[in-house]
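Please open the model in your viewer and keep the selection panel at hand.

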Amino acid sequence: MGIDLGGQGRGTGNHSPPPSRLIAISKNVEVRGRRKVLVLVYQSLGMVFGDLSLSPLYVYRSTFSGRLGNYQTEDTVFGAFSVIFWTLTLISLFKYVLILLSADDNGEGGIIALYSLLSRNAKFCLLPNHQASDEEISTYNYPGNSSRNLSSSSLLRRFIERHKESKTSLLVLVLLGACMVISIGALAPAISVFSSIEGLKFRSKDVHSNTVVIIACFLLVLLFVLQHRGFHKLAFMFTPIVILWLLSIAAVGIYNILRWNPVVYRALSPYYGYNFFKLTGKDGFISLGGILLCLTGSEAMFANLGHFTATSIRVAFTCVIYPCLILQYMGQAAFLSKNLSAAPMSFFASVPDTFFWPVFFVVTLAGIVASQAVISTTFSVVKECHAFGCFPRVKIVHSRRWLPGQIYIPEINWILMVLSLAVTMGFRSTKLIGNAYGIAYMTLAIVTTWLTFLVINLVWQKSLVLALLFTVLFGSVDIFYFSSSCMRIPKGGWVPLAFALIFLLTMYAWHYGLRNKYLYDQHTKLSMRWILSLGPSLGIIRVPGIGLIYTELASGVPATFTHFVTTLPAFYQVVVFVCVKTVPVSHVPHKERYLIGRIGPKSYRLYRCIIRNGYKDTYRDGDDLENDLVMSIAEFIQMEAEGCGAVDGSVDGRMAVVKTSEKFGTRLAIADLFGPGGSSSSHPTVVVSGYKSPTLQNLQASYEQESPQLNCRKRVRFELLDTNYKDPRVKEELLELVAAKCAGVTYIIGHSHIKARSNSPFLHRFAVNVVYSFLRKNCRSPAVALNIPRICLIEVGMNYNM
């Protein structure tokens, strides 16, 4: 009855490990957690902070470019540094690092994440095909959110929910922020590369400005050309380059402090900032348009949150980025206090001659790395807007060989390249590009502040007073800096406003046309009574195979189906209406992605599949979709027979998330067609072949030899593992489904011609007939956006009079 010294209880049934072992296990878990955080901190230095770490190149230069250059006193330089220090501390450290990194959407950040949070916790979203079942997704509810609402929060929520104009205004605000992100995607590479190459002019007086522009343009072209082919292979070099750059600027800063003015640390006092505005007055206010450039890149911490964690970004900023930047700004201030005439090239002038070329080489590489990170962020924002139906269809390329979550959009890549080259060749000045960059960043900062105000009040369910306190504190700073940067609109600041206007009109017109098209489909969908009156054959010839009819409707039968069967009175034996929709969450777990249901009685062989994606999810290829659909429908049929799904004879039965079933994949298995024969299961199996005659099979084989893209598609077979069913009709339906898959799958989508009614308002006709029609004709086809194989595609012409 004693206790074993080894820690295993005898006679008591207690097999728990001893306390010492539990302590060791907890320590190992803690060590692993710390190692993971340190790895993420290391990676984030190269992927997040490149743009922010490059700002010392042009902050002082832009600040003293105007009338402030006439105030050649030590107090003015110290005051400028004091404003920079407190701006960086208040906005970058307090606003973004301490507060905004907590406003994540299941780990994702950015303005679309904030909009997604608001869309889920209040009826703000304008996505048309929302269903109550979407709210049952595991990632839908905000963690720790209670059902209670504060009275002020409830009033604000009800006001926005009841007024469509409020929802539209909120969407336009989000799209404005997205447009500024795209503008930054064109401006940041231009200023990063151009400002780094400008060091050649300082070192060699013989280097002409045109030479600098040509070299910068060459590097920009190389940067954008290599986006798809090369940069993901060089990602392992990004972090070492940025770390080397940070160490360089910190070392140069310390050197300048010790050599030129060791008492510069006194400028950390806010008194010097107050004295700065007292001495310079209006000229000091105008110079804020240059000081605000010290913040550019802060938004990347929040936008790239999904690739890392809030803890890793906080540690990286507070322990590495923030100290290095403060040392560099302080060192430049110490240098300028004794050499104010060097302000136009303050950074390169402050670098010791011995270390100039090594620093120049590192800053050039850092400029390219920073540009790469900004471009990737732009791709992500465009993809998110496209998922919410607010951007024309584009080709989104993603490969598992790339970095997790990294995508490439060819159209956006070339647009950014053209805009960056135009800005570089048109302005030929870091000052003018900086003016444009400042306007873009501050507009984005104001949008982020207002969205965070709503999140604090409606999502976090904090009091309205606390939300207003956040808005007043940080929003007043944003507006203060934005007012100063507006004075630079004639001097380059108009560029991001022009970019934003073009992109905003494009994005809203696309959303407007898409929403009206959905409402037209909803109005013209078929009556289920008419479908049922046709009988099981639907009054047409049913041929072998599966027909996947793509539609925007999450309920009902689209008019595309009627148009097809009336034009060609034959259709496939198994019909699946597929609706690919976006749910306002970052990711939908794969097990919860497919929602399966039945349309009409069982004998009709009509099914519905709703594929729910988050705004960060990417579409799977055609083979996986086909196999997943067959497996999901088969599981639904068996669940239905067991009393878990829709009942026989229902008109448009209930939907089921079949992949959450414990039996999924145990009753119907997929085997490689060219793999080892036989099933690995011990159950009796039934292998089903298709309906095709030998003649059709020979014709398909010859066609596959002529079409390599078809021949490369993965071949699989389905094996029915469980053959014992109480109802023989269940087995018959399963065998028919598998045989139809073996016969082939065809994709049917609508090829629509859209035109506004002649009696509609002018703005509506202009938006639909001109803008939306132009965008539809010049963007990617739905088949490309949905990754539908062209060789299996049928397009049905449809006319829309909206």
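**A helix pair, then a sheet**

Helix 7 and helix 16 are roughly antiparallel to each other, a label given to angles over 145 degrees. The model is predicted, with local features needing pLDDT of at least 70, side-chain atom pairs counting only at pLDDT 80 or more, and totals for chains, interfaces and linings using all residues. Residues are numbered from 1 along each chain as its sequence is written, and side-chain values use heavy atoms, without hydrogens and water.

Select residues 164–197 (helix 7) and 356–387 (helix 16), whose axes come within 9 Å and cross at roughly 170 degrees; axes are lines fitted to C-alpha atoms, for helices over the stretch in contact, and angles run from 0 to 180 degrees between N-to-C directions. Helices (H or I, at least four residues) and strands (E, at least two) are DSSP runs, numbered from the N terminus.

Next, display the open sheet of 6 strands, which has the order 3-4-2-1-8-9 and mixed pairing, where two strands pair if DSSP finds at least two bridges between them. Strand 3 and strand 9 (793–801) stand at the edges, each with a single partner strand, so one side of each lacks a neighbour in the sheet.

Strand 3 runs antiparallel to strand 4 (residues 606–613), joined by 5 bridges, and Tyr594 stands opposite Ile611 in strand 4.

Notes: Parallel < 35°, antiparallel > 145°, perpendicular 65-115°, else oblique.
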